Amino acid sequence: MLIKRAFDIPSSDITSENLYHNRREFIKTASTVLGIAAAGTIASACAPGVVGAAVAPQAKGKYDTTEKLTPIGDVTMFNNYYEFGSGKDEPARNSREFKSRPWTVKVEGLVKKPATYDLDDLIKGTTAEDRIYRMRCVEAWSMVIPWQGIPLADIIKKLEPLPSAKFVEFKTLVDKNRMPGQRGFLQALDWPYIEGLRMDEANNPLTLIATGLYGKPLPNQNGAPLRLVTPWKYGFKGIKAIVSINFTERQPVNSWQRQAANEYGFYANVNPTVDHPRWSQAREQRIGDFFKRPTLMFNGYTEQVASMYTGLDLKKNY
């Protein structure tokens, strides 16, 4: 399937922002907006653009990168979010009236506490964090994004999955009235959008349920109010507008795997030795940079995640 790209948007069309705040300001802003101890929002575009300036942050935690941040205009104006359109600029335009509150998430499957949770109840008692992650898109574009959110492991611990649960499956909202990309004859995917992780991946300390970015609540076009972030995987794993969490024994079949199994697998680990059938993954284009750079195995997070895949052929399990 050919994925359209929107390369050029005049900087005059993009509202300027203060690009980065300190940790205290992150938490203060998120707490004010969401009324909880510190939650944020998520954004992820994985698409090109050249706007504004970015700064090189100081690492505040053991998972943070100190690489130059991607300008907020790129993060919020160029998005892969097919529920709101297949063009990179369409999600921002088509999601303006989308209401992400109130919001509920259905928890089901092999879990001790199945229920339909209000968003605030689901994350109540968990610990909010801010993270600066490298993010890699399967089309060989990459970004550095300051996220805010809840470690998925905190939510899983609260829900108490059964020992028989081997995977966790996520589904996004289906609402053809509010999500124009879900209606019509030329839909890109079968809905709902589905993604999944092994339980050890879901409990990895890097895995985040994002609620904000750049110290602001998650914009609609970036997946408000809840989005999955797994920074060692390609961007299509970042399911947005999550309304279902299902604990299961069986490996889920994700949406892009169902659409094109020869191009997209379950694991989606960043691996420079495994090319997409239509382009190389050996090098990547960091948004805002002129030259490409070598792609890092596991997107540079080898130390934190490689042990989960010992003995697994990552060329077959792509």
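Q: How many bridges join E5 to E10?
A: This is a predicted model, in which local features need pLDDT of at least 70 and side-chain atom pairs count only at pLDDT 80 or more, while totals for chains, interfaces and linings use all residues. Residues are numbered from 1 along each chain as its sequence is written, and side-chain values use heavy atoms, with hydrogens and water left out. Strands (E, at least two residues) and helices (H or I, at least four) are DSSP runs numbered from the N terminus, and two strands pair if DSSP finds at least two bridges between them. E5 and E10 run antiparallel, and the number of bridges joining them is six.

Q: Which residue of E10 is the bridge partner of Phe170?
A: E5 also pairs with E6 in the antiparallel sense, over five bridges. In E6, Phe170 has Glu195 as its bridge partner. In E10, the bridge partner of Phe170 is Ile245.

Q: How many of the six residues of E5 are buried?
A: Buried means under 20% relative accessible area, exposed over 50% and partly exposed in between, with a 1.4 Å probe and protein chains only. E5 is largely enclosed by the rest of the structure, because the buried residues among its six number five.

Q: What is the omega of the cis peptide bond that joins Ala224 and Pro225?
A: Pro225 is found in the loop between strand E8 (216-217) and strand E9 (227-229). Ala224 and Pro225 are joined by a cis peptide bond whose omega is about 5 degrees.

Q: Which residues is Ser100 in contact with, leaving aside its neighbours within four places in sequence?
A: Ser100 is in the loop between helix H3 (90-94) and strand E1 (104-109). Ser100 counts as buried because its relative accessibility is 15%. Contact means heavy atoms within 4.5 Å. With neighbours within four places in sequence left aside, the contacts of Ser100 are Asn220, Ala224 and Pro225.

Q: Is Ala241 buried or exposed?
A: Ala241 lies in the loop between E9 and strand E10 (242-248). Ala241 has a positive phi of about 45 degrees although it is not a glycine. Most residues other than glycine have a negative phi. Since its relative accessibility is 0%, Ala241 counts as buried.

Q: What is the phi of Ala268?
A: Ala268 is in the loop between helix H7 (255-259) and strand E11 (283-286). At 3% relative accessibility, Ala268 counts as buried. Ala268 is not a glycine, yet its phi is positive, at about 60 degrees.

Q: Which residues does Ala261 touch, not counting residues up to four places away in sequence?
A: Ala261 is found in the loop between H7 and E11. With a relative accessibility of 45%, Ala261 counts as partly exposed. Not counting residues up to four places away in sequence, Ala261 touches Trp256 and Tyr318.

Q: Which residues that line the second largest pocket are the closest to its centre?
A: On a 1 Å grid over the protein atoms alone, a pocket is an open set of points with protein on both sides within 12 Å along at least five of seven lines, a cavity is a set where a 1.4 Å probe fits but cannot get out, and lining residues have an atom within 4 Å of a point. Grid points are joined across faces, edges and corners, and a volume is the space filled by probe spheres set on the points. About 210 Å³ of space lies in the second largest pocket. Of its 18 lining residues, the closest to the centre are Tyr234, Glu263, Val274, Asp275 and Tyr318.

Q: Which strands each supply at least two residues of the lining of the second largest cavity?
A: The count comes to four cavities of 30 Å³ or more, and the second largest cavity has a volume of about 50 Å³. Its lining includes Met135, Arg136, Arg227 and Leu228. The strands that each supply at least two lining residues are E3 (129-136) and E9.
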